[in-house]
Amino acid sequence: MMLSGWGRFPRTDCRVLAPRDMAELRTTLLSEPSVIVRGNGRSYGDPAMNPNATLTLRQADRFKSFDPASGLLEAECGVLLQDIIETFLPRGWFIPVTPGTKFVTLGGMIAADVHGKNHHGAGSFGDHVESLELMLADGRVLRCSNSENRELFDATRGGMGLTGVICSAVVRMLKVESSYIRQETVCTRDLAETMAAFEQSHGWTYTVAWVDSLATGRGLGKCVLYRGEHARKEELPANKRDEPFAIAQRRVKTVPFELPRFALNRWTVSLFNALYYAAATPGTAIVDYDSYFYPLDAIMEWNRIYGRTGFLQYQCVLPTAASRHGLTEIMTRVARSGTASFLSVLKLLGPGRGMLSFPMEGYTLALDFPATPASLLLLTELDAVVEAHGGRIYLAKDARMGTTLLRQGYGGLDAFESVRHAADPSGKFGSLQSERLGL
Ligand SMILES: Cc1cc2nc3c(=O)[nH]c(=O)nc-3n(C[C@H](O)[C@H](O)[C@H](O)COP(=O)(O)OP(=O)(O)OC[C@H]3O[C@@H](n4cnc5c(N)ncnc54)[C@H](O)[C@@H]3O)c2cc1C
């Protein structure tokens with residue numbers, strides 16, 4: 001079938017196989033020369049596609065055990081984050097690190113080592129994985145943790161499916177007092193104020209900023225910053241205290257068709273940005289977890305707004321010391337290009353863990369662009385800025401990066417390749433992305 005990532009670019013015809021159990025998975029691995037696992041296809045580019053054999057394991061979706069004393073949850077790789085939340089939040093447990101959508105699988109979160117709005121304090125998702133069961137290319141299943149097969153454990157968390165199949169994992173959940181977030185909204189006028197606001201928010205568990213990517217001159221880098229804490233029961237308004245763990249029931253809308261390319265242009269995005277900024281009200285509010293963490297999940301198939309040709313998400317991280325200069329350069333080029341980025345998100349990350357895991361200490365900026373030749377040219381220009389500032393691009397968002405930037409950006413690549421080669425000497429696990437990047 002034709003497959004793509006969430007960005008709907010590129011699209012490729014792939015043979016999709018759905019092994020029903022571990023035995024079938026093993027037989028498939030032994031008989032196929034080249035495979036990749038696909039979670040729920042929420043990575044943007046081409047890491048979850050292999051034309052020869054793309055293995056879907058969404059059917060492996062059982063919870064195996066939960067210990068309410070320690071918060072340790074063991075689940076199969078195809079479990080959706082949405083199901084984890086809806087099962088465990090009513091019992092007072094939340095996922096310790098979450099991406100901006102709940103439509104991802106446990107396997108996909110580990111393979112991309114996803115980060116959330118709390119990376120500066122909590123690290124990435126892999127930091128909360130106690131152990132995982134990995135099926136290697138030869139069909140053996142190894143338990144990996146900090147004390148068993150440590151190198152393989154490190155390479156798999158962020159390894160984009162290239163070390164083997166993550167069959168199941170044990171995750172340490174986070175105890176919370178409610179399903180609500182105490183959110184504080186801060187509006188800034190330029191990049192200096194934005195960075196100062198992030199630095200002053202270090203004590204907050206969650207921070208994230210929406211940046212106006214079309215603002216120029218003195219307004220360059222202005223943002224609306226949202227910081228948040230899990231609300232304690234006594235902080236909830238009286239009408240919510242009886243049911244502190246309510247599961248959000250939002251009305252989900254669907255984008256009914258692909259919008260024509262001209263619908264998103266410099267003027268419409270500019271108008272959206274102006275309205276968004278004007279509507280943001282500085283101050284504190286109690287909001288439900290779904291609106292705080294997953295605003296985009298309220299619009300099903302929002303990826304259709306970029307039209308039939310799809311879009312590219314560009315997410316880079318720059319080391320802290322180079323961030324001010326590098327972000328100014330990137331934002332100036334984007335604003336000048338007129339290639340409007342509809343969603344521009346800025347976060348401050350803490351130290352990373354190495355190998356292929358994306359986070360490093362510094363600012364990460366994510367921008368969306370329609371998949372057009374003009375955008376591809378602009379992104380090549382941005383690559384040069386990222387490279388010059390010692391940054392890197394997030395593999396879970398990538399559809400086009402070149403080998404040089406990958407090698408410059410990921411200092412742990414040699415270590416990753418040596419662990420991967422030992423685990424999979426014939427290079428059975430491979431995706432369109434790994435092929436493009438010579439991995
Ligand atoms: C709206 C939106 C917001 C997002 N926000 C964030 C964010 O804030 N932070 C962030 O870090 N990411 C974010 N992402 C990216 C997303 O979290 C990651 O791409 C995640 O990996 C997607 O999970 P998936 O189950 O859909 O995996 P897929 O996209 O299907 O696969 C991703 C990678 O994981 C591998 N993989 C999947 N399952 C397994 C398995 N069982 N064993 C081995 N390898 C496997 C695949 O081979 C592939 O390389 C966002 C994506 C969207 C669409």
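Good morning. By class, the second largest pocket is lined by 7 nonpolar, 2 polar and 6 charged residues. Here Ala, Val, Leu, Ile, Met, Phe, Trp, Tyr, Cys and Pro count as nonpolar, Asp, Glu, Lys and Arg as charged, and the others, Gly among them, as polar.

A word on the source. This is a predicted model, in which local features need pLDDT of at least 70, side-chain atom pairs count only at pLDDT 80 or more, and totals for chains, interfaces and linings use all residues. Residues are numbered from 1 along each chain as its sequence is written, and side-chain values use heavy atoms, with hydrogens and water left out.

To return to the lining, α1 (22–31) and β11 each contribute at least two residues to the second largest pocket; helices (H or I, at least four residues) and strands (E, at least two) are DSSP runs, numbered from the N terminus.

I turn now to the ligand. Among the 34 residues around the ligand, V37, G39, R42, S43 and T105 come nearest, where a residue counts as near if one of its heavy atoms lies within 4 Å. The shell comprises 18 nonpolar, 12 polar and 4 charged residues.

Which side chain places a polar atom 2.6 Å from an oxygen atom of the ligand? That residue is S43. The protein covers 97% of the 960 Å² of accessible area that the ligand has on its own, by the Shrake-Rupley method with a 1.4 Å probe. Two or more shell residues come from each of β4 (36–38), α3 (106–111) and β11 (165–172).

Terms used. Polar contact = N/O pair within 3.5 Å; in protein donor to acceptor, adjacent residues only side chain to side chain.
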